[in-house]
Amino acid sequence: MSDSLSATTLEFDGTAEEARDKPAWAAVTSLTFGVFGLVTAEFLPASLLTPMAADVGVSVGAAGQAVTATAVVGAIAGLAAAIVTRGIDRRIVIWSLTGLLIVSSVIAALATNLTTLLFARVLLGIGLGAFWSMVAATAMRLVPPSALPKAMSLIFAGVSLATVSAAPIGAYLGNVMGWRFVFWLSALVGVAALVIQMAVLPRLPARGSPDIRTLFRLLGQPSIALVLAGIVVVISGHFAGFTYVRPFLEQIPKLSVEAISLVLLAYGIGGFFGNFAGGAITARSAKASVIFGAFMLALVSMSLLFVGTSPIASAVAVGLWGFAFGALPVGFQTWLVRVAPEDEAESAGGLIVAAFQIAIASGAVFGGLLVDGFGTLGVIAYAMVATLVGGLGVLLLGSRSPERVGAGAAAHAL
């Protein structure tokens, strides 16, 4: 008996499996830093596009393809990450993906033409998509199952912080110090994240041997298909509406640019707190967090339709919009890793990255058609319908996909 215990201790010594009983919160925090750096770099072109385009000698529209390149490559990388990196210690993979953030930022800072800039953003897309596909699966190896919602909330806090700070700080520093300085600063953030990750991430031996068939097998599972369908419907509704929230605020309540900036700041702050609220709900049920966020988005959209002419009502509604959306990524990510086989959690993470990208793209495209055809009220109406339908679908069908939580999850994992 003692020999067996000793062997088990030696086998798990220094690996993440020890976190099943003792959460590795420092390691989880290192993932937060990585997410913050990657999402910050992703959002920077939005605030620096004009000077970037002028400096590399292209139109603003052409420079905007740097954003498209990141999104498209990110979706592909998310799907391929688990397959391409199978057999490699996940700690080394995480380090490498954070390294891509650093290299991408340095190349962007040095770019003198569009080709170089696009190459930098392709590298970022690889790092971003692959990191996102692995983050939930990595977190579930660093903490006990009961602590996973808290861990995901902590990780998504990095997203919320980047969402709030990247664009305004990037715009300010770009104006004062130049856009290249901002990308050098992004590289420095990546270096800090990498140093922290190298110091605290335990060994994470690869699990399973995923391939293309793994992705199709996961798609064939009703519980996973429901999560992905929920993402596509609810998130497309969110992005269709929020992509055009500035025109709505300009045309309906007729807010000034300064007032709109404050309202969008309220959205970001709301998202930060909604992220933690979503984590608290997810601790009991990930589906409940999704239902809460979807229904709240539907109510907020409805309020904008009926009382959106009021500047105060619109401002409050957009702030609540951020709060509602903040609960969704935590709920969706946690729900997926709870219903997916544990040794295929990374492949499932790739599917969720692809689902989000499809939702973002379809929401923005469909929203544009609605705005052109019916004005900004039309796109807000679609956001209301899509989030309501998505929430109802999860509510009615979710009982057929039970979650692994608490002791049951621990038993499954062991």
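Q: Is Phe332 buried or exposed?
A: Phe332 is buried, with a relative accessible area of 0%. Keep in mind that this is a predicted model.

Q: Where is Phe332 found?
A: In helix 14.

Q: What about Phe332 and Thr282, how far apart are they in space?
A: Their C-alpha atoms are 9.3 Å apart. Along the sequence, Phe332 and Thr282 are separated by 50 residues.

Q: Let's stay with helix 14. At what angle does helix 13 pack with it?
A: At about 160 degrees. The two axes are 7 Å apart. Helix 13 covers residues 286-307, and helix 14 covers residues 311-339.

Q: Roughly parallel or antiparallel, then?
A: Roughly antiparallel. An angle over 145 degrees counts as that, and helix 13 and helix 14 are therefore in this class.

Q: Which hand does the crossing of helix 13 and helix 14 have?
A: It is a left-handed crossing.

Q: And helix 10, how does that pack with helix 14?
A: Helix 10 spans residues 222-243. Its angle to helix 14 is about 160 degrees, and the axes are 10 Å apart. That makes helix 10 roughly antiparallel to helix 14.

Q: What hand is the crossing there, for helix 10 and helix 14?
A: Left-handed.

Q: Why give both an angle and a distance for packed helices?
A: Because two packed helices are described by the angle between their axes and the distance between the axes.

Q: New topic. How many salt bridges does the structure hold?
A: One. Asp55 pairs with Arg180. The closest N and O atoms of the two are 3.2 Å apart.

Q: Which parts of the chain does that pair link?
A: Distant ones. Asp55 is in helix 2, residues 25-56, and Arg180 is in helix 8.

Q: How far is Arg180 from Leu48?
A: In space, 9.4 Å from C-alpha to C-alpha. In sequence, Arg180 and Leu48 are 132 residues apart.

Q: Helix 8 again. Where does Ser186 sit?
A: Ser186 is placed in helix 8 as well. It counts as buried, at 4% relative accessibility.

Q: How far apart are Ser186 and Ala166?
A: They are 20 residues apart in sequence. Their C-alpha atoms are 9.8 Å apart in space.

Q: Now the surface. Which residues form the nonpolar patch?
A: Tyr172, Val176, Met177, Phe181, Leu185, Leu188, Val191 and Val195. Together they have about 740 Å² of accessible area. The elements giving two or more residues to this patch are helix 7, 148-177, and helix 8, 179-200.

Q: Which helix gives the largest share of the patch?
A: Helix 8, with five residues.

Q: Pick Tyr172. Which helix does it lie in?
A: Helix 7.

Q: Is Tyr172 buried or exposed?
A: Exposed. The relative accessible area of Tyr172 is 56%, and the cut-off for exposed is over 50%.

Q: Is Ser105 buried or exposed?
A: Ser105 is buried, with a relative accessible area of 2%.

Q: What separates the C-alpha atoms of Ser105 and Ala41?
A: A distance of 7.4 Å. Along the chain, Ser105 and Ala41 are 64 residues apart.

Q: Last one: Lys254. What is its phi near?
A: Phi of Lys254 is near 60 degrees. That is a positive value in a residue other than glycine.

Q: Where does Lys254 lie?
A: In the loop between helix 11 and helix 12. Helix 11 covers 245-251, and helix 12 covers 257-282.

Q: Does Lys254 count as buried or exposed?
A: Lys254 counts as exposed, at 63% relative accessibility.

Technical notes:
Residues are numbered from 1 along each chain as its sequence is written. This is a predicted model: local features need pLDDT of at least 70, side-chain atom pairs count only at pLDDT 80 or more; totals for chains, interfaces and linings use all residues. Side-chain values use heavy atoms; hydrogens and water are left out. Patches are made of residues with over 30% relative accessible area and no salt bridge: like charges are joined within 9 Å, nonpolar side chains (Val, Leu, Ile, Met, Phe, Trp, Tyr) within 5 Å. Accessible areas come from the Shrake-Rupley method with a 1.4 Å probe; for residues, only the protein chains shown count as cover. A salt bridge is a side-chain nitrogen of Lys or Arg within 4 Å of a carboxyl oxygen of Asp or Glu. Helices (H or I, at least four residues) and strands (E, at least two) are DSSP runs, numbered from the N terminus. Buried means under 20% relative accessible area, exposed over 50%, partly exposed in between (1.4 Å probe, protein chains only). Axes are lines fitted to C-alpha atoms, for helices over the stretch in contact, and angles run from 0 to 180 degrees between N-to-C directions. Angles under 35 degrees count as roughly parallel, over 145 as roughly antiparallel, 65 to 115 as roughly perpendicular and the rest as oblique. A crossing is left-handed if the near helix is turned anticlockwise from the far one by less than a right angle, and right-handed if clockwise.
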